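Thanks, everyone. Let me put the structure up, and then I will walk through a few parts of it.

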Amino acid sequence: MSKDEYRRLSQDEVESELLNLEGWILSNGKIKREFKFNTFVQAFGFMTKVAMESEKLNHHPEWFNVYNQLSIDLITHDLGGISTYDVKLAGIINKLYQKE
C-alpha cells in the first residue's frame with residue numbers, strides 16, 4: 001500500500017491489514033480498538049496525542065472515553081468504508097500507545 005494513497009479498501013485488504021495492527025478488530029464496518037489506562041489523566045493525555053496526529057492527517061477518529069477507558073473506531077465516511085488512512089492512523093495510534 002502506498003503511504004500517500006487515499007482509497008477505500010476491499011474486505012480482503014482490510015482483513016490483511018488487520019493482521020499487522022495489534023489489538024484492532026473489524027466491528028460494524030469499522031476498525032476498532034479498546035484501550036485502558038491507569039487514570040483519566042493518562043487516557044485524556046493519550047487522546048490529546050492522538051488528536052494532534054489525527055489533525056496532521058486531517059483524518060479524525062470516532063471515540064468514546066469513560067474514566068480510564070477509551071474506545072476508538074476508524075472509518076472514512078466520505079469513502080463509505082475503511083480506507084488506507086484508517087490503517088495509517090491505526091498504526092500511528094499503536095505507536096503512541098506503545099510509548100505510554
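Start with V87, which lies in helix α3. Keep in mind that this is a predicted model. Is V87 buried or exposed? V87 counts as buried, because its relative accessibility is 8% and the cut-off for buried is under 20%. For a sense of distance, take V87 and Q42. They are 45 residues apart along the chain, and their C-alpha atoms are separated by 24 Å.

Now the whole helix. Helix α3 covers residues 84-98, which is 15 residues. How far apart are its end C-alpha atoms? They are 21 Å apart, and at 1.5 Å a residue the helix should span 21 Å, so the two agree.

Which residues of α3 are buried? The list is T84, Y85, D86, V87, L89, A90, I93, N94 and L96. Here is a general point to hold against that list. An α-helix has 3.6 residues a turn, so residues three or four places apart point the same way.

Next, the start of α3. A side-chain oxygen of S83 comes to within 3.1 Å of the backbone nitrogen of Y85 there. S83 itself is found in the loop between β4 and α3. S83 counts as buried, because its relative accessible area is 0%. What does S83 touch, leaving out residues up to four places away in sequence? The contacts are Y6, R7, R8, L9, H59 and T76.

On to charge. How many salt bridges does the structure hold? Seven. In general, side chains of opposite charge can pair when their charged atoms come close.

Look at K32. Its side chain meets that of D73 in a salt bridge, 3.0 Å from N to O. K32 lies in strand β2 and D73 in strand β4, so this pair ties together parts that are 41 residues apart in sequence. Are these two buried or exposed? Both K32 and D73 are buried. K32 has a relative accessible area of 18%, so it counts as buried. For D73 the value is 16%, so D73 is buried too. K32 has another partner: E34 forms a salt bridge with K32, with the closest N and O atoms 3.8 Å apart.

Stay with D73 for a moment. Setting aside residues up to four places away in sequence, D73 touches K30, I31, K32, P61 and E62.

Another pair: K49 and E100. Their side chains meet in a salt bridge at 2.9 Å, N to O. K49 lies in helix α2 and E100 in the segment after α3, so the pair ties together parts that are 51 residues apart in sequence. How accessible is K49? Its relative accessibility is 41%, so K49 counts as partly exposed. E100 has a relative accessible area of 41%, so E100 is partly exposed as well. There is also a network: salt bridges that share partners join E5, R7 and E13.

Last topic, the surface. There is a nonpolar surface patch of about 660 Å². Which residues make it? F40, V41, F44, F64, V66 and Y67. Helix α2 and strand β3, residues 62-66, each supply at least two residues of the patch. Which element gives the most? That is α2, with three residues. Take F40 as one of the patch residues. F40 is found in helix α2. F40 counts as partly exposed, because its relative accessibility is 37%.

To recap. K32 and D73 link β2 and β4. K49 and E100 link α2 and the segment after α3. And α2 gives the most to the nonpolar patch. I will stop there.

Definitions and conventions: Residues numbered from 1 in each chain as written. Predicted model: local features only at pLDDT ≥ 70, side-chain atom pairs only at ≥ 80, totals over all residues. Heavy atoms only, no water. Helix = DSSP H or I, 4+ residues; strand = E, 2+ residues; numbered from the N terminus. Expected span 1.5 Å × (residues − 1). Buried < 20%, exposed > 50% of the residue type's maximum accessible area, 1.4 Å probe, protein only. Polar contact = N/O pair within 3.5 Å; in protein donor to acceptor, adjacent residues only side chain to side chain. Patch = residues over 30% accessible without salt bridge, like charges linked within 9 Å, V, L, I, M, F, W, Y side chains within 5 Å. Areas by Shrake-Rupley, 256 points an atom, 1.4 Å probe, with all protein chains shown as cover. Salt bridge = Lys/Arg side-chain N within 4 Å of Asp/Glu carboxyl O. Contact = heavy atoms within 4.5 Å.
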